[in-house]
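Subject: Structure handover

Hi,

Here is the structure I said I would pass on. Have a look at it first, and then read on for what turned up.

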Amino acid sequence: EMKARILMKKEMIKVLPVLSIEGKITRILLSDNLIPENNLENTVFILAGGKGTRLLPHTKNCPKPMLKISGQPILEIILKQCLEFGFNNFIFSVNYLKEQIIDYFGNGDNYNAKIQYIVEDKPLGTAGSLSLLGSKLKHPIIIMNGDVLTQLNLTNLLNYHLEKNAYATICVREHISTNPYGVVKIKNDQLENFEEKPIIKSLINAGVYIINPELINLITKDEFLDMPDLLIKAKNEGKNIFAYPIHEYWIDIGRYETFEIAEKEWK
């Protein structure tokens with residue numbers, strides 16, 4: 001996309017189709033959605049401390065975010081994607097086999113980024129480790145699970161959060177499943193109808209969020225807390241919590257079967 005942005009700026013192009021080797025259009029790039037030229041001051045907070053027990057034995061000697069997809073650690077893929085959208089400030093929350101992550105990424109100099117680490121002495125959940133940030137951050141914080149691969153446009157997400165004047169924004173993904181059984185509908189104990197293997201559509205938590213720094217004040221330090229509980233707590237206090245649908249590619253590699261799918265699909 002960096003090359004595309006340079007070309008589109010030079011030639012004053014607003015829309016640029018991307019073609020496959022066969023000459024078929026695979027993507028449409030819009031100048032408004034491309035990588036920003038300036039570095040953004042927002043911090044990206046990546047949750048990278050999980051043990052990944054569902055991925056054993058892969059995670060016996062390797063932290064889950066360091067598992068490789070197409071020859072590259074998942075955490076590095078996420079990092080590079082964020083860099084492409086102009087985000088350069090990162091905080092990794094680490095715990096399990098943390099030395100492997102810290103040794104690999106260091107302070108971020110190799111990526112022209114600034115990487116800091118928060119070490120969870122004990123598991124604090126997907127929101128609890130935010131309490132260790134203190135009050136030093138002044139801009140909306142992007143939070144990402146370290147086991148999610150997505151082609152989500154982070155620029156659009158941040159713009160949505162700001163335009164809605166949101167206190168927090170949660171990314172959601174439509175999940176479609178089929179009930180394998182015939183559903184029997186009854187009314188007053190009498191048969192009303194049958195529905196064979198109905199399709200169920202629901203919105204699921206995609207593991208990507210944006211929060212205003214003030215939200216951290218709702219977290220008790222060193223207390224276990226997950227993001228859904230924190231967002232409900234903020235909602236109950238009258239804060240504006242918005243949902244942002246992800247239509248782009250998205251996969252959670254936290255389960256063995258989805259990890260294998262990601263290995264095949266991502267490249």
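First, a definition you will need for the pocket. Everything is done on a 1 Å grid over the protein atoms alone: a pocket is an open set of points with protein on both sides within 12 Å along at least five of seven lines, a cavity is a set of points where a 1.4 Å probe fits but cannot get out, and lining residues have an atom within 4 Å of a point. Grid points are joined across faces, edges and corners, and a volume is the space filled by probe spheres set on the points.

Please keep in mind that this is a predicted model: local features need pLDDT of at least 70 and side-chain atom pairs count only at pLDDT 80 or more, while totals for chains, interfaces and linings use all residues. Residues are numbered from 1 along each chain as its sequence is written, and side-chain values use heavy atoms, with hydrogens and water left out.

The pocket

The largest pocket holds about 960 Å³ of space. Its lining takes in 39 residues, and those nearest its centre are Arg54, Lys64, Thr126, Asn145 and Asp147. Helices (H or I, at least four residues) and strands (E, at least two) are DSSP runs, numbered from the N terminus. At least two lining residues each come from helix H4 (125–128) and from strands S10 (168–178), S13 (199–211) and S15 (250–252). S13 gives the largest share, with five residues. By type, the lining of this pocket has 14 nonpolar, 15 polar and ten charged residues.

The cavity

How many cavities of 30 Å³ or more are there? The count comes to one, and the largest cavity has a volume of about 50 Å³. Its lining is made up of Ile78, Gln81, Cys82, Phe85, Met144, Thr150, Gln151, Leu152 and Leu154. Helix H2 (residues 74–84) supplies the largest share, three residues. Six of the residues lining this cavity are nonpolar and three are polar, with no charged ones.

The chain as a whole

The protein chain has seven helices and 15 strands. Along the principal axes, its C-alpha atoms fill a box of roughly 70 × 55 × 45 Å. Of the 267 residues, 43% are buried (under 20% relative accessible area; exposed is over 50%, partly exposed in between, with a 1.4 Å probe and protein chains only). Taking contacts (heavy atoms within 4.5 Å) with a separation of 6 or more, 70% are between residues 24 or more positions apart.

Strands worth a look

Two strands pair if DSSP finds at least two bridges between them. With helix H3 (residues 98–105) between them in the list, S6 and S7 make a right-handed β-α-β unit; right-handed here says that, with the strands pointing away from the viewer, the path from the first strand over the helix to the second runs clockwise. Ser93 is also in S6 and counts as buried because its relative accessibility is 1%. Leaving aside neighbours within four places in sequence, Ser93 has contacts that include Phe45, Ile118 and Ser129.

Strand S11 (residues 182–187) and strand S12 (residues 190–196) pair in the antiparallel sense over six bridges, with Lys187 opposite Gln190. They form a hairpin with two residues between them. Leu191 sits in S12 and is exposed, at 55% relative accessibility.

Most residues other than glycine have a negative phi. Asn188, in the loop between S11 and S12, has a positive phi of about 55° although it is not a glycine. Asn188 counts as exposed because its relative accessibility is 69%. Ser70 likewise has a positive phi of about 55° without being a glycine. Ser70 lies in the loop between strand S4 (68–69) and strand S5 (72–73) and is partly exposed, at 42% relative accessibility.

Cheers

Definitions and conventions: Nonpolar A, V, L, I, M, F, W, Y, C, P; charged D, E, K, R; others polar.
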